[in-house]
Amino acid sequence: MNFPNQDRYDYIVVGAGTAGCVLAARLCEDPATRVCLIEAGGWDRHPFIHVPALVGAAIARASLNWRFMTEPQAALDNRCIPLPRGRVVGGSGSINGMVYFRGQPQDYDDWAAAGNPGWSWREVLPYFLRSEDNPECRGSPYHGQGGPIRVAHIPTPNPLNRVFLEAFAQVGGYGPCEDFTGPRPEGYGLRQGTIRAGRRDSSATAYLRPAKTRPNLTVLTDARVARVLIENGRALGVEAIVGGGRRRLLAGRETVLCAGAIQSPQILMLSGVGPPEELRRHGIEVRLASPGVGAHYRDHLSVPVLMETSDTQSYGLSLRTLPRAALNLAQYACGRGGPLASNVFESTAFIRSGPGADRPDLQMVFQPARRNRGTFPLPLGHGFVINSVGLYPRSRGRILLASADPLAAPRVEANLLADSADMAPLLAGLKLARRLFAAPAFARYRAVEVAPGPAVRSDADLEAYVRRMAVTVHHPLSTCRMGADADAVVDAALCVRGVASLRVVDGSIFPVMIGGNTNAPIVMVAEKAADLMLGRPPPPPIPGT
Ligand SMILES: Cc1cc2nc3c(=O)[nH]c(=O)nc-3n(C[C@H](O)[C@H](O)[C@H](O)COP(=O)(O)OP(=O)(O)OC[C@H]3O[C@@H](n4cnc5c(N)ncnc54)[C@H](O)[C@@H]3O)c2cc1C
């Protein structure tokens, strides 16, 4: 805050989420560059954020979560599906499951083929490596050391993970995968997470915290950006609601929206950039007709097979495990070790749901714990779950405005499962999950299937179960799509087409879906955006990849 006019900066970054923290930290590396990062939530101080096993409790905290809901979903029994989004420094990366995955190499080749030069797998891999600090895979051209975010396996995974992997070997037809971020992320295996010394490593802890004391970086928290100020086709900065008043913050060079896939399109529409009929409906002056703003929404759907057992090996609390729980607390308190240092998502499989798939289109997520019930932060009782996640849904939704009030939540017409082709991988997943739980490896647990339940057998009954139970795994994407077609909102440099000095850098720019978790790819996008904005040449491809 040492500047003569503290409301003038070189860059204004809207949203201190996964992308915003990376971008702001990179932009202010040059002490002569003044950066303002604006976040609607507060600092990431709540302890639930940082203890990995309390991830469910962090999501449940109303103060940390925007708690959006979809509109009623016709194909999901008219249910409104919860859409958690982080409302705190670190954004959704401060409440996410800490799973590290990049997607399939072909996904990025598809990005490039969709008219986005510079975004092929070989071109984006160096940015993944730049962000990564992986102590386990030294010498691998697919991993980075010394980057900001710690990536590693959970040191002491629950023994049930081995049982899950053994069951995969017993059902046959699938191979093991040693490294889900290696050249071929396919098969079953233990997975890596973004946890450093038993604590969550988000882009807030890994990028922003070390940059926080730089005098050329201002972080405004509890400040809600209402709109981008656009004059004569150029973005000048933003208007924000701070402490009940309105404040203008001006950007000499660029304004960047990093508000995520639900709110970046909302802010664009509130600023007069979007589908004209939608803007007019809310009395907003059209500054740029951009039909793709809010369109092409997509997300990953998931459906579980839930098992319960009297065996106490799974994570969870019960009378019989109270002494173990006390020991686990002590382990965490003394050395940040033991089960509380785990994100609970320790093993998985990426597989093809059928012979037609050209890459893994189904993820099986194993959880060695019973489902959390109510608001209690840890699972009560014992059991395990396999969630089946369809990785390349065809259904498309859109973000619309509920009103011109910037404090109102946008409407999310998610259209989940609207395309009937999205059902097949979920059914294949449910059937495979049942085969895995029926494999000899799980026999000694004498577990009982509580959902779908033994009575649900026919495809029609399983479909009904999917419609009753499916939820998303919180990967909304593509609502300000990058590309060269008429519907594309940003170009391959992430500049908003038709408005100068304005970019979007977050999950909304994904031109097509990636087949897995989205946090690491969004960090990659922000790393590349920093190079693009600072005019730095792209890093050379990694030899041997
Ligand atoms: C519960 C949950 C679990 C997940 N688990 C995983 C996982 O295990 N692994 C994985 O890879 N991915 C996971 N994801 C997905 C991943 O975390 C997100 O895709 C990623 O964090 C999104 O990054 P982003 O930068 O696009 O948006 P966000 O991180 O959501 O950041 C947007 C930021 O903008 C702020 N903001 C919004 N509007 C305004 C405004 N008007 N003014 C000021 N600030 C504003 C928000 O408060 C937020 O801080 C999960 C997500 C959730 C929600």
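Helices (H or I, at least four residues) and strands (E, at least two) are DSSP runs, numbered from the N terminus. Residues are numbered from 1 along each chain as its sequence is written. The model is predicted, so local features need pLDDT of at least 70 and side-chain atom pairs count only at pLDDT 80 or more, while totals for chains, interfaces and linings use all residues; side-chain values use heavy atoms, with hydrogens and water left out.

The ligand site was examined first. The ligand is surrounded by 39 residues, each with a heavy atom within 4 Å of it. T18, E39, S92, T518 and N519 are the closest. By class, 17 members of the shell are nonpolar, 17 are polar and 5 are charged. Here Ala, Val, Leu, Ile, Met, Phe, Trp, Tyr, Cys and Pro count as nonpolar, Asp, Glu, Lys and Arg as charged, and the others, Gly among them, as polar. Four elements each supply at least two shell residues: helix 1 (18–27), strand 13 (223–231), helix 8 (260–270) and helix 14 (519–534).

Polar contacts (pairs of N or O atoms within 3.5 Å; within protein, one must be able to donate a hydrogen and the other to accept it, and residues adjacent in sequence count only if both atoms are side-chain atoms) were then listed. A polar backbone atom of V225 lies 2.9 Å from a nitrogen atom of the ligand. For a backbone N or O atom of A40, the distance to a ligand nitrogen is 3.1 Å. Q263 places a side-chain N or O atom 3.3 Å from a nitrogen atom of the ligand. The ligand on its own has 1000 Å² of accessible area, and the protein covers 97% of it. Accessible areas come from the Shrake-Rupley method with a 1.4 Å probe; for residues, only the protein chains shown count as cover.

S203 belongs to helix 7 (residues 203–211). A polar side-chain atom of S203 is 2.9 Å from the backbone oxygen of T18. S203 counts as buried, at 4% relative accessibility. Buried means under 20% relative accessible area, exposed over 50%, and partly exposed in between (1.4 Å probe, protein chains only). Leaving out residues up to four places away in sequence, S203 touches G17, T18, C21, V22 and L208, where contact means heavy atoms within 4.5 Å.

The nonpolar core comes next. A core is a set of buried Ala, Val, Leu, Ile, Met, Phe, Trp, Tyr and Cys residues joined through side-chain atoms within 4.5 Å. The largest one has 142 residues, of which L23, M364 and V505 touch the most other members. Helix 14 gives this core its largest share, 9 residues. Beyond neighbours within four places in sequence, L23 contacts V13, V256, C258, V505, A526, A529, A530 and M533. In soluble globular proteins, nonpolar side chains tend to be buried together.

Backbone geometry shows some exceptions. Most residues other than glycine have a negative phi, and most peptide bonds are trans. The A451 to P452 bond is cis, with omega near 5°. P452 sits in the loop between strand 24 (448–451) and helix 13 (459–469). S478, not a glycine, has a positive phi near 75°. S478 lies in the loop between strand 25 (471–472) and strand 26 (502–504), and is buried at 0% relative accessible area. S501 also is not a glycine and has a positive phi, of about 60°. S501 lies in the loop between strand 25 and strand 26. S501 is buried, at 17%.
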